[in-house]
Amino acid sequence: MALIPVDEARTRILKGVKPLPAEIVKLDQALGRVLAKPLKAARNQPPFDASAMDGYAVMAADVVNAPATLKLMGLSAAGHGFKGRVRPGQCVRIFTGAPVPPGADTVAIQENAKPLDGGRVEILQAARQGQNVRVRGLDFRRGEALLPKGLRLNARDMALAAAANAGTVAAVRRPRIAILATGDELVAPGGRPKRDQIVSSNSHALAAMARLFGAEAVSLGIVADNPKATERAIAKAAKADILVTTGGASVGDHDYVQEALKNSGVKIGFWKIAMRPGKPFMYGRRGGQHVLGLPGNPVSALVCARLFLKPLIDALLGLPASDDLTEARLGAPMKENDSRQDYVRATLVEAADGSRTVTPFARQDSAMQRTFREAQALIVRPPFAKVAGQGDVVKILRLDF
């Protein structure tokens, strides 16, 4: 089977993918969720003419010729508005955020006023009509669309939604990701590996990535290199939107994943990508379920997850497609490339002027997780790229997970 290019693999994975249905989510649980429809204001903000300062609510006509002495009629505080009406020659003590009483149209700040005996106040400086007043609906009005469909909610979005009196939002359902690690050589973290075993890390990292990308993730555990055991584990993922396997996707005598997937009703779309690391990547479908078969080498698995799992989750959430590539200058030369697209781990330094320098690590072994942890970016080297010198501009993918 011929190796297929990375872009073609991504295109085939995303073909025909539509956003998942909406569900109603409480606002306090909506951080990071993607809106399934625009969020509209359920009220005006502010809901009344409100004072922007501490001072006195007055009629502008009364203070056009300051100083002016007015009769103090009462007080308007936040949550406790003045019940009456301001008439000519009158004023009301008012505090920031409090309703401006009917009849008043201006707030004279307290620094420009002096209380007098006998329930009177002297306004020392003229104030124009509407000064220090936040008019009703200044921020937004009822029915106005405030947040667009397809927006991933951050803290500021949630503040606006709360101010608009949205106790719930309609959000795209999170994709459900089932993760299956295979291999006789694996034990769970905290276990006691035998002499010929290693500690499994892929499923933990992949679950963390899936959650960061906006999905729900559940681990199906570690399955031995046994076709029937693998099929039983795959059956447990029947309700997942995406099944992710890691390990057992190569061509060794103990690599049973592809066989088990086929026996479980998965139609393999393609296998093997013209990329490094990550060549043994596999993709298939089982009804509406997407199946991603990732390599067992940790770096290979995580690079493939970033390149293929993230765009798939984005598509299921209704987020726009993006390759997320940017540019930087090389801090060291790189040799010419072969027929595979390389994703080279590198450090990334950003200068005060915004320029970026990316320097590849000398060792690129796909089992070296410490190097992957210390990298800030992947240098993307297209197939048959020519020799690149120090200072040359290259494409990079930031490692932000």
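Residues are numbered from 1 along each chain as its sequence is written, and side-chain values use heavy atoms, with hydrogens and water left out. As the model is predicted, local features need pLDDT of at least 70 and side-chain atom pairs count only at pLDDT 80 or more, while totals for chains, interfaces and linings use all residues.

## Salt bridges

Let's begin with the charged pairs. Side chains of opposite charge can pair when their charged atoms come close. A salt bridge here is a side-chain nitrogen of Lys or Arg within 4 Å of a carboxyl oxygen of Asp or Glu, and the structure holds 15 of these salt bridges.

Burial follows relative accessible area: buried is under 20%, exposed is over 50%, and partly exposed lies in between (1.4 Å probe, protein chains only).

Arg276 is partly exposed at 27% relative accessibility, whereas Asp342 is buried at 13%.

Since Asp324 lies in the loop between α6 (298–317) and β22 (325–330) and Lys310 lies in helix α6, the pair ties together parts that are 14 residues apart in sequence. Lys310 is buried, with a relative accessible area of 17%, while Asp324 is partly exposed at 31%. Both residues also belong to a network of salt bridges that links Arg152, Arg306, Lys310, Asp314 and Asp324.

Glu350 is partly exposed at 47% relative accessibility, and Arg398 is partly exposed at 33%.

## Backbone features

Some of these residues also deserve a look along the backbone. The peptide bond from Arg276 to Pro277 is cis, with omega near -5°; Pro277 falls in the loop between β19 and β20 (282–286). A cis peptide bond also joins Ala66 and Pro67, with omega about 0°, and Pro67 is in the loop between β4 (55–58) and β5 (68–76).

Asp324 has a phi near 60°, a positive value in a residue other than glycine. Phe384 likewise has a positive phi, of about 60°, although it is not a glycine. Phe384 is placed in the loop between β25 (377–381) and β26, and at 60% relative accessibility Phe384 is exposed.

## Nonpolar cores

Now to the interior. In soluble globular proteins, nonpolar side chains tend to be buried together. A nonpolar core means a set of buried Ala, Val, Leu, Ile, Met, Phe, Trp, Tyr and Cys residues joined through side-chain atoms within 4.5 Å.

The largest nonpolar core has 50 residues, and Phe281, Leu292 and Phe308 have the most contacts inside it. Elements that each supply at least two residues of this core include α1 (6–14), α3 (202–212), β21 (289–294) and α6. The largest share, 14 residues, comes from α6.

With contact defined as heavy atoms within 4.5 Å, Phe308 touches Val6, Ala9, Arg10, Ile13, Ile273, Met275, Phe281 and Leu292, not counting residues up to four places away in sequence. A second, separate core of 18 residues includes Ala229, Trp271, Met282 and Val291.

Two strands pair if DSSP finds at least two bridges between them. Six strands form an open sheet of mixed pairing, in the order β7-β4-β6-β5-β9-β8. At the edges stand β7 (106–109) and β8 (113–116), each with a single partner strand, so one side of each is left without a neighbour in the sheet.

Within this sheet, β5 and strand β6 (residues 90–94) run parallel and are joined by four bridges. Ser76 has Ile94 as its bridge partner in β6.
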